[in-house]
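The following exercises are to be worked with the sequence and the coordinates at hand. Each task is followed by a solution in steps.

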Amino acid sequence: MPQHPTDLTVHDEFWRPTVVYGMASACLLLGLAIGYLLRGSESHSAIASSPSHAAAPDPHASGSMQMPSMDQMKAMADRKVEPLLAQLKSDPKNKDLLLRVAYFYKSAHQFKDAAAYFDRALQVDAKNVSVRTEMASCLYYDGKVDGALEILQESLMQNPADANSLFNLGVIRWKGKKDASGAIAAWKQLLKTNPNLDKKPIVERMIAEAQGKSS
């Protein structure tokens, strides 16, 4: 998984660690990399104002920690967002509330629901590249590869040097479209426009791996 474990802020906030690591295996090849190369200010704001933990399954069930099913994860997220949705009825354009709902659903791997609320947040703040990138990652996880790429291209039209957008563009081109050359181009652009990127070694290793696959 191409990222440092401490970058998993959203998931650490909402789920117990033993459950988090189990749920992570349910993600696609990219694990939790997409959207977390750098954590945006929107992520910090939404997380900071959210409850600290979601309900977790009984760790003593069957003598060991039980990984929740997708239905159970959705039910947990639905319970957590219920009071937020009640507030949104009277304040439907509250971006902070929309983002909190989106992150709850994303942390529960309910990517379709998360994407819908990220989209609503973008209707309030259309130029927010960080939120647009989060939406793209959810679309990818939901199997909408072309939609994710389109959203990332829109992000790059607003900010051609955005590190998350370029990183994710490369990952999705490589893993989602089997386009190693396109991925390499995106990552090289990332390094060119962000010369002081702290995760430069990770990106360079990914470029080398993609070059090996394309040769």
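## Exercise 1: Overall composition

In this predicted model, the elements of the chain run α-α-α-α-α-α-α-α-α-α-α from the N terminus on.

Task. State how many helices and strands the chain has, what percentage of its residues count as buried, and what percentage of contacts between residues at least 6 apart in sequence join residues at least 24 apart.

Solution.
- Step 1. The secondary structure comes to eleven helices and zero strands.
- Step 2. The chain has 215 residues, of which 49% count as buried.
- Step 3. Among contacts between residues at least 6 apart in sequence, 64% join residues at least 24 apart.

## Exercise 2: The pair α5 and α6

Task. Determine how the axes of α5 and α6 cross and which residues of the two helices meet.

Solution.
- Step 1. The axes of α5 and α6 come within 8 Å and cross at roughly 160°.
- Step 2. Angles over 145 degrees count as roughly antiparallel; α5 is therefore roughly antiparallel to α6.
- Step 3. The crossing of α5 and α6 is left-handed.
- Step 4. From α5, the contact includes Leu-98, Leu-99, Val-101 and Ala-102; from α6, it includes Phe-111, Ala-114, Tyr-117 and Phe-118.
- Step 5. The residues of this contact divide into twelve nonpolar, no polar and four charged.

## Exercise 3: The pair α7 and α8

Task. Carry out the analysis for α7 and α8, giving the angle at which their axes cross and the division of the contact residues into nonpolar, polar and charged.

Solution.
- Step 1. Helix α7 spans residues 129-141 and helix α8 residues 145-158; their axes come within 8 Å and cross at roughly 165°.
- Step 2. α7 and α8 are therefore roughly antiparallel to each other.
- Step 3. Their crossing is left-handed.
- Step 4. Among the residues that meet are Met-135, Ala-136 and Leu-139 in α7 and Ala-148, Ile-151 and Leu-152 in α8.
- Step 5. The contact of α7 with α8 divides into nine nonpolar, four polar and two charged residues.

## Exercise 4: The largest nonpolar core

Task. Identify which residues of the largest nonpolar core touch the most other members, and which helix supplies the largest share of this core.

Solution.
- Step 1. The core has 55 residues, of which Phe-118, Trp-187, Leu-190 and Val-203 touch the most other members.
- Step 2. Helices that each supply at least two residues of this core include α4 (70-90), α9 (163-177), α10 (180-193) and α11 (200-214).
- Step 3. The largest share, eight residues, comes from α5.
- Step 4. Leaving aside neighbours within four places in sequence, Trp-187 is in contact with residues including Phe-167, Trp-174, Val-203 and Met-206.

Methods: Residues are numbered from 1 along each chain as its sequence is written. This is a predicted model: local features need pLDDT of at least 70, side-chain atom pairs count only at pLDDT 80 or more; totals for chains, interfaces and linings use all residues. Side-chain values use heavy atoms; hydrogens and water are left out. Axes are lines fitted to C-alpha atoms, for helices over the stretch in contact, and angles run from 0 to 180 degrees between N-to-C directions. Helices (H or I, at least four residues) and strands (E, at least two) are DSSP runs, numbered from the N terminus. Angles under 35 degrees count as roughly parallel, over 145 as roughly antiparallel, 65 to 115 as roughly perpendicular and the rest as oblique. A crossing is left-handed if the near helix is turned anticlockwise from the far one by less than a right angle, and right-handed if clockwise. Contact means heavy atoms within 4.5 Å. Ala, Val, Leu, Ile, Met, Phe, Trp, Tyr, Cys and Pro count as nonpolar, Asp, Glu, Lys and Arg as charged, and the others, Gly among them, as polar. A nonpolar core is a set of buried Ala, Val, Leu, Ile, Met, Phe, Trp, Tyr and Cys residues joined through side-chain atoms within 4.5 Å. Buried means under 20% relative accessible area, exposed over 50%, partly exposed in between (1.4 Å probe, protein chains only).
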